[in-house]
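Trainee: I have a model to go through with you. Can we take it question by question?

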Amino acid sequence: MVFGAFPPQHNFSFPALADVRIGYHTIMQFQSEYVTKVFSNLPPEKQKTIFNAAAAEFARHGYDRANTNAIARRAGISVGSLFQYFGTKPAIFNALVDFGTQTALAPALANAPASPDMLSLFRYMLEKAREFALQYPDYNRVYLELTTQMPVPASKELARRIEGRTIISYRRALRKAQKENDVQAGCAAFLLDNLVLAYQFSFASDYYRDRIVAYTGLDPLKDGDALCDALCALVRDLAGIT
């Protein structure tokens with residue numbers, strides 16, 4: 001899981017990054033090689049506004065058709081300032097992915113149960129995927145576009161940055177549960193994460209949502225808890241967990 005809005009009721013924390021509190025929000029000190037020093041010196045609230053504007057534009061129009069003038073307009077800044085902050089359109093997108101990862105995925109994994117068993121980690125990932133999809137709809141749509149061959153520079157590197165953390169977490173839990181070798185643990189992690197991604201993307205795509213409804217009779221938007229229970233029961237039975 002990875003990438004709309006930053007709700008006042010949700011405060012993220014991640015030990016590797018400094019928290020900056022603004023009103024009801026907790027915003028982490030963002031770091032990325034794709035932003036300029038000028039951007040890094042902006043107040044976190046303004047950084048968040050710019051990234052939300054970029055996420056909205058990329059989510060609605062995809063990478064190729066996204067317009068930097070529109071991003072600047074949404075953010076309430078000039079186009080000149082936008083490029084002073086990032087330099088290029090690819091840098092805007094790459095920085096957006098970094099921002100989504102640092103403010104959503106990293107905190108979720110950092111707050112995962114200590115030494116989780118496989119089933120507990122899977123349920124935790126499902127719940128965080130739903131939370132992320134509902135709280136960050138534009139970021140979720142951007143991630144969906146990225147995984148469906150959106151022509152973004154360095155897309156393979158983006159995928160590695162996003163998926164690396166979840167791969168490690170799954171593999172640790174799987175090896176603990178069944179003492180599988182690296183290849184077996186990797187395959188099992190791949191299958192589990194595909195279930196999580198399909199669930200997450202059902203909140204951004206009618207195609208994914210309709211497929212889940214067709215196969216299970218459960219609507220992710222209406223029957224989220226029941227669907228999580230059913231998926232966890234499936235994994236438990238397949239893994240022979242009693």
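Trainee: Leaving aside its neighbours within four places in sequence, which residues is Val213 in contact with?

Mentor: Keep in mind that this is a predicted model. Val213 has its place in helix α10, residues 206-216. Set aside the neighbours within four places in sequence, and the contacts of Val213 are Leu218, Asp219 and Pro220.

Trainee: Is Val213 buried, partly exposed or exposed?

Mentor: Buried would need under 20% relative accessible area, and exposed over 50%. Val213 has 32%, so the class is partly exposed.

Trainee: What distance separates the C-alpha atoms of Val213 and Ser202?

Mentor: Val213 and Ser202 are eleven residues apart along the chain. Their C-alpha atoms are separated by 9.8 Å.

Trainee: Now helix α2. Where is the kink in α2 centred?

Mentor: Start with the span. A straight helix of 22 residues would span 32 Å, yet α2, residues 44-65, spans only 27 Å between its end C-alpha atoms. The helix has a kink of about 80°.

Trainee: Which residues touch the most other members of the largest nonpolar core?

Mentor: That core has 37 residues. Elements giving two or more residues to this core include α2, α5 (89-110) and α9 (182-201). The residues that touch the most other members are Phe39, Ile50, Phe51, Phe58 and Phe86.

Trainee: Which residues does Phe51 touch, not counting those up to four places away in sequence?

Mentor: Phe51 is one of the residues that touch the most other core members. Leave out residues up to four places away in sequence. The list is then Phe30, Phe39, Phe86, Ala95, Leu96, Phe99 and Tyr139.

Trainee: How many residues are in the second, separate core?

Mentor: Its members include Leu119, Val196, Ile212 and Leu227. The count for this second core is 18 residues.

Trainee: How many disulfides does the structure hold, then?

Mentor: For Cys232, the closest cysteine sulfur is in Cys228, again too far for a bond. The number of disulfides in the structure is zero.

Trainee: Within what arc do the buried residues of α4 fall?

Mentor: The buried residues in α4 are Ser81, Leu82, Tyr85 and Phe86. Look down the helix axis: they line one face of α4, because they fall within an arc of 120°.

Notes:
Residues numbered from 1 in each chain as written. Predicted model: local features only at pLDDT ≥ 70, side-chain atom pairs only at ≥ 80, totals over all residues. Heavy atoms only, no water. Helix = DSSP H or I, 4+ residues; strand = E, 2+ residues; numbered from the N terminus. Buried < 20%, exposed > 50% of the residue type's maximum accessible area, 1.4 Å probe, protein only. Contact = heavy atoms within 4.5 Å. Expected span 1.5 Å × (residues − 1). Bend = angle between axes of the 7 residues up to and from the residue. Core = buried A, V, L, I, M, F, W, Y, C linked by side-chain atoms within 4.5 Å. Disulfide = S-S within 2.5 Å. Arc of directions from axis to C-beta.
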